[in-house]
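User: Hi! I'm new to this one and would like a friendly walk through it. Could you show it to me?

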Amino acid sequence: MTAPAIVQPATARRKEGFTPFEAFVFALVVALLAIAIVGPFFAPDSVYNSDIANSLMPPSAANWFGTDDQGRDVFWRLIVGAQTTLLSAFLVVTLYSLIGVTIATVAAAGPRWLDEGLMRITDIGLALPGMIVALGFAAAMGASLRSAVIAMAITGWPITARMLRGIMRQTMEQPFVAGAQVLGVSKWRLMTKHVLPNSLDVLIVKWAGDIGTTVLVLASLSFIGVGAQPPSAEWGATIAAARGYVSTAWWTVVAPGAAVAITSIAFGLLGDIIQVRRDPSLRGN
Amino acid sequence: MLAFRAYSWFLGRRLGLTLLTLWGLASLVFLMIKLMPGDEAQMAAGADASAAQIEAVRERLGLDAPVIMQYLSFLGRLLRGDLGTSIVTLQPVLADLEKVLPSTLELVFIAMLLNLAVAIPTGIVAAYRQGGIFDTTSRITAVMLGGMPAFWLALVLQYVLGSVWRVVPISGQQGYGMNSPVISGAPTLDALIAGNLAGFFDALHHIILPAAVLAALFATQIFRTLRAALLGVLRSDFIMAVRAKGATARHMLVRHALPNSLNPVLTLSGTQAGAMIGSAVLVETVFARQGIGAYMFNAVAQKDAFAVLGSVMFIGTVVCLVNLIVDILQLLVDPRIRAAQLGSQSQ
Amino acid sequence: MPDQSTLTPVRPPLVTVDKLTVDMPLGRSGASVRIVDGVDFIVGVGERVALVGESGSGKSLTARALMRLDRLAKLSGRVDFDGTDLLKLSDRDMGKLRGSSIAMVFQDPMSFLDPLMTIGDQVAETLRIRGIGKVEARKRALSVLDELGVDRAAERLDSYPHEFSGGMRQRVVLAMALVGEPRLLIADEPTTALDVRVQDQVLDLLDDVSTRRGLAVLFITHDLGVVAGFAERVMVMYSGRIVEDGEVGSVFARPSHPYTQGLIKAVPRIDQDLATLYAIPGAPPPPLARPSGCPFHPRCDQRFDRCDRELPALLPIGRTRVACHLHDGKGD
């Protein structure tokens, strides 16, 4: 009798399902999105009004995360702020991803000199410290959430552009592209039907992860004072406003910061998970 | 000699790129100035300047000339080191920044040391015992730390460690009565130079938490990169050959695995040096330290437009120069980066 | 205990392997697959044994198991080296034996040398690990390199691996193994990556060195020509088990196991006049899907009904051991 070839563990391995960890991250992201989109509808009006008498109260049954220096419920302010923060982050990343894709496509498909020129500009963009430049733009345009969003969109595209152009060039060097061109397929069609879809994979992974970092940077800019201004409920602005009360009313600082952290981590993990699922060789990282 | 030609060509290219970047930065800053709402001359002259004074400023800055001329004269001013004048301190921005630059550099330096001192050993152990408790824990920690806003972490730690536990000072760079003569502007360095040992330790005490917070985010990147590189190297054949010689795990890790994994780590830490300078603003403000970041923050708070833009130019330039220096250093230190960059093959 | 009567005369055993199995992990779930399925053999002092098989037969794993080089592998059985069971040693104690009692050379010298270290340092390293001083270690490294025919060895001690040719690197790797004066050298396909001329040189070297030092060599290869030129005894492995084990001369002239027969038939000969080259039909089974009974039976043209039911044991016939039902219980 032959000995069994495989030594089986007690639990069998699922092939195509999600691991509990992945499911958790997905659920978290969906929850955050849901909160951002519909949360504010449920917020009581008191979130927008001051109630000084009630200010800086610790967490209680009435106010789950306590109240801030204006007497507003911290929990509901977080929910409202979620919309501002997350949707702004989405806007920023989508904007600069679009810019990046466009530039990458033009560079990859166009003549050599255009490619070189665009890449020089991208190099300059890459060499500059993004946050500082965004800070400058936001300050110059007048500190506001809108300025911060525009500033971050302007400074965020170089990384995406360079990454995508690299992939596009690689794809274009594949034999099947040359083959298609010989058959008379127009360059435009080639780009849209073959090269772009290949890059979409990488773009999506980056897009998801970038939401996470953008939430961080946006909050940082607001904290410094060039992004959302008080009384905006944007999380960074909230922390800035609560800064002085960290010793007396820690919940005003900890809550929004934790929100930023959780959101940033969740989206970052989402990006990682998507990446591993598409390319299992990266497991273990 | 071939090597010399390759070196100088590389240096030339690198310098060229730096100059190009600085030019790009300057142009962006000019754009920022033009974007500002309101009358530029009025902002330069100050809030309560008379109409005549405003006109004088307009004249001096050549704000009536066509944009191209303004651009060129702006570039000219930059080259002369004129970054504008702060409305608040009434000093040239460059002078203000130069005074506080050493403090930032000191912070970044110590943060970098902490970063590598923590991230590298952690990465080694995590990679060697892949899948073990230490590995999982450190990876989770890295993910958590990486997602936290630096300024929030700073605030929280400042509160917990400074106010509650009173382990470190809350803010500032030196305790009362510990003032050392200001030689370089960097408190620890100054204390050392002045021979003030107590002051030196005091300054260190003040810098440790800010540096740790600044290092935290970057440490997660180093950790991740090193761990990934090590995992790859540990799987490679020559490591098995080393074990076949009877090497202990430690010997194998330190003398063989690590040196072969350091390449990406070195490159990354080079990039981080510049990025840290940019991120210093967040930490300096929370801990009320002096530095170019803090200066910029205050300028924003006080709506000191030219100081802000001057800071952008200055900080951007510093970052570019640091990157350049790091690139050159890497070239000198690692023969393989040298080969890759210079395109030389030593077969 | 494996039957010692098959050994070439008057050789005390150096390594005795008894029912060795090697399991390698499969994915992250904890399952593992048995690659080496119970091997027994003996390598005598100063004896030259070849271990032959196709890729996937488990020969490399077996060799590495003797030195416990695969951290992930799960081993069971007994490997007796000079009275000590190697499988029961701690990794640390095993480390003390590696390089000094048992040494290994590998297939592709470039990937087995640290690109960042001079070859002098790497050869000397085996000794430095043992605490021998720098100067002494360097001296011995030099002498071994000389012995192996590396000219101008003294100058080249401070060169890097990428500055050497393939044949030279293989000598360096050999030097790394020999400098510790081991009693057993395991050579894992040392000639596969080399061209024929260099192959010859390396084999000559090995021949020379092993004779001079009384070194036992376990030579892993899939190249029968090399076996014939170098080994005294050959063991044939198939699908994780040894199927034939005997003196090179007899095994090659009168192979007993159908697999061995097929292997020898497949070697092209200059005096043959064939339209096509012979190849054993089929392919070796993947470890996860071993056939029942004798693992070779699906490809065997001499199989009969017992072959798919019962695993044949490795039994002696004369001075050879064979694992085949055809020879079960028969004497010679």
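**A walk through the model**

Analyst: Let's begin with I280(C), which is buried at a relative accessible area of 13%. Buried means under 20% relative accessible area, exposed over 50%, and partly exposed in between, with a 1.4 Å probe and protein chains only. This is a predicted model, where local features need pLDDT of at least 70 and side-chain atom pairs count only at pLDDT 80 or more, while totals for chains, interfaces and linings use all residues. Residues are numbered from 1 along each chain as its sequence is written, chains are lettered from A and ligands numbered from 1 in the order in which they are written, and side-chain values use heavy atoms, leaving out hydrogens and water.

User: Where does I280(C) lie?

Analyst: I280(C) lies in the loop between α10 (258-266) and β11 (315-317) of chain C. Helices (H or I, at least four residues) and strands (E, at least two) are DSSP runs, numbered from the N terminus.

User: And what does I280(C) touch?

Analyst: Leaving aside residues up to four places away in sequence, I280(C) touches Y259(C), G262(C), L263(C), F296(C) and R299(C). A contact means heavy atoms within 4.5 Å.

User: Okay, new topic. How many cavities are there of 30 Å³ or more?

Analyst: A search of the whole structure finds six. The largest cavity has a volume of about 80 Å³. Of the 13 residues lining it, the closest to its centre are P258(C), C294(C), C300(C), C307(C) and C324(C). On a 1 Å grid over the protein atoms alone, a cavity is a set of points where a 1.4 Å probe fits but cannot get out, and lining residues have an atom within 4 Å of a point. Grid points are joined across faces, edges and corners, and the volume is the space filled by probe spheres set on the points.

User: I see cysteines in that list. How many disulfides does the structure hold?

Analyst: Zero, over all chains. A disulfide here is a pair of cysteine sulfur atoms within 2.5 Å. For C300(C), the nearest cysteine sulfur is that of C307(C), 6.2 Å away. For C307(C), the nearest is that of C294(C), 6.2 Å away.

User: Is C300(C) buried or exposed?

Analyst: C300(C) counts as buried, at 8% relative accessibility. C307(C) is buried too, with a relative accessible area of 7%.

User: Let's hop to chain A. Why is helix α8 largely enclosed?

Analyst: Six of the eight residues of α8 (residues 235-242) of chain A are buried, so the rest of the structure largely encloses this helix. The buried ones are W235(A), G236(A), A237(A), T238(A), I239(A) and A242(A). They pack against α2 (74-109), α7 (187-224) and α9 (250-278) of chain A, together with α7 (150-164) of chain B.

User: What about chain B, how many helices and strands?

Analyst: Chain B has 14 helices and zero strands. Of its 347 residues, 50% count as buried.

Notes
On a 1 Å grid over the protein atoms alone, a cavity is a set of points where a 1.4 Å probe fits but cannot get out, and a pocket is an open set with protein on both sides within 12 Å along at least five of seven lines; lining residues have an atom within 4 Å of a point.
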